[in-house]
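Hello,

Here is the structure I said I would pass on. My notes follow below it.

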2 protein chains.
Amino acid sequence: MCNDGVVPTESSRVRSMTETRDRILDVALDVLGENPDAGMGDIGTAAGVVRRTVYGHFPSRLDLVRTLTERAVTEMTAVLTEVNASGAEADATWAEFVARLWPVAHRYRVLLALRRGEYGEAIHGLLGPLDELLADLVKRGQDTDVFAQHLPAGILSQVAYGAVFAIADSDLSNGPLGARAAAITSLLMLGVPETRAIALVDDQVTRPGG
Amino acid sequence: MCNDGVVPTESSRVRSMTETRDRILDVALDVLGENPDAGMGDIGTAAGVVRRTVYGHFPSRLDLVRTLTERAVTEMTAVLTEVNASGAEADATWAEFVARLWPVAHRYRVLLALRRGEYGEAIHGLLGPLDELLADLVKRGQDTDVFAQHLPAGILSQVAYGAVFAIADSDLSNGPLGARAAAITSLLMLGVPETRAIALVDDQVTRPGG
DNA sequence: TGTCCATTGCACACTGGTGTGCAGTGTACT
DNA sequence: AGTACACTGCACACCAGTGTGCAATGGACA
């Protein structure tokens, strides 16, 4: 009873509890990734825990999915804002964005499937802020004439970003082609010429650190 | 008992039966399009029929979905083979293909959602022949240097074709931009330069007859 | 040693879908 | 008139998942 407010260490007990919670979340991504209709039981079992315990951490299935989505949005927004701050050209920024987004997108690819049916509304709502940031970047590219203008920025950004996620969710996602394919493909969609797109992407790939 | 083999007219009875069957199939596309998890009851109600009647025509839900998929594959394959026979350049062929595929893809867009979970395997299997035709077309484009070669033909065709379906399944699908966006976007993904892509697509749009 | 508490393993009620069985009804065809 | 039969409207049984309740259990901690 030496701590009134926020706990500093609280070593074993709460830590093992948050560990369980995190493990459930991590495993849920894998399990739902393979089968979006997997139940709380499957998730629990995969996490080495009983179904009842999962409900101890997440009162409902929706809570679990929402927590997952919040995590994803937080991580992706962090990447995008950080990359955006570099001040590079829009196409170079996009290439770097996709390169660094890739592991995150691949990890949370299940949200693409979960976006429809039952949880669609909740997920869609949480994705709002990220969508705006993307649209801003594409708009900047259109204004500086590096991106095509055959579609309004808001739509074009969604289409290109959707393609990245679609590729992350496809057979391509495993294997080394995934990230490269996603980056080049999305750049082409944005109207960047092939040679330039390839140069930008391979520049990213060969330089390990941004 | 005047007919042994195939029946010539068999006027009212069987015709009204096949009409019911067709109406169920048509309506199922709409209902499942809005909610891929809709049940046999919802489909029946929407078709002005009782759930029990749906089971009279399709022994199981899988039968219904399979029939729907077979229909889609048949229609899409017909479009592709017909367009392929024109002998035009690969990029022009692709543009025409998308333009004529659009209503079909939009109609059967639900298969994109149904492709995963439960019926995925069945649908994937039926899609095989179409995939080959697409890959052949893209290969031809790569060999004649009108399509990019940053990805193998089999994969590139899937990505571009997936984008068309994704757009058909998005908010863009309604409204006049849908078909144009799908065509231009997929052409860009295939490595066709922006100006050429736009020219090809708008040529399609302004010329009603192929 | 005794208390706290995350976890367990069972119980249950509830929901919502699937697929089947069967008696009835109206209508097209003979 | 009589028959065949698509459709109806009800009845089931079955399954799978959700969410809850509650009495153990066992390890961490004071």
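The crossing of H9(A) and H9(B) is right-handed. Please bear in mind that this is a predicted model.

The two helices in question are H9 (residues 177-189) of chain A and H9 (residues 177-189) of chain B, whose axes come within 7 Å and cross at roughly 130°. Because of that angle, H9(A) counts as oblique to H9(B). On the chain A side, A:Thr185, A:Leu188 and A:Met189 take part, and they meet B:Thr185, B:Leu188 and B:Met189 in H9(B). By class, the residues of this helix contact are four nonpolar, two polar and no charged.

The contact between the chains takes 25 residues from chain A and 25 residues from chain B. On the side of chain B that touches chain A, the elements that give two or more residues are helix H8 (153-168), H9 and helix H10 (194-206) of chain B. H8(B) gives the most, with six residues. That side of chain B has 16 nonpolar, six polar and three charged residues.

Then there is the DNA. DNA strand D is surrounded by 19 residues, and the closest are A:Ser12, A:Gly39, A:Ser60, B:Thr20 and B:Thr53. The surface near DNA strand D divides into six nonpolar, eight polar and five charged residues.

Regards

Technical notes
Residues are numbered from 1 along each chain as its sequence is written. Chains are lettered from A and ligands numbered from 1 in the order in which they are written. This is a predicted model: local features need pLDDT of at least 70, side-chain atom pairs count only at pLDDT 80 or more; totals for chains, interfaces and linings use all residues. Axes are lines fitted to C-alpha atoms, for helices over the stretch in contact, and angles run from 0 to 180 degrees between N-to-C directions. Helices (H or I, at least four residues) and strands (E, at least two) are DSSP runs, numbered from the N terminus. Angles under 35 degrees count as roughly parallel, over 145 as roughly antiparallel, 65 to 115 as roughly perpendicular and the rest as oblique. A crossing is left-handed if the near helix is turned anticlockwise from the far one by less than a right angle, and right-handed if clockwise. Two residues are in contact if their C-beta atoms, placed from the backbone, lie within 7 Å. Ala, Val, Leu, Ile, Met, Phe, Trp, Tyr, Cys and Pro count as nonpolar, Asp, Glu, Lys and Arg as charged, and the others, Gly among them, as polar. A residue is near a molecule or strand if its C-beta atom, placed from the backbone, lies within 6 Å of it.
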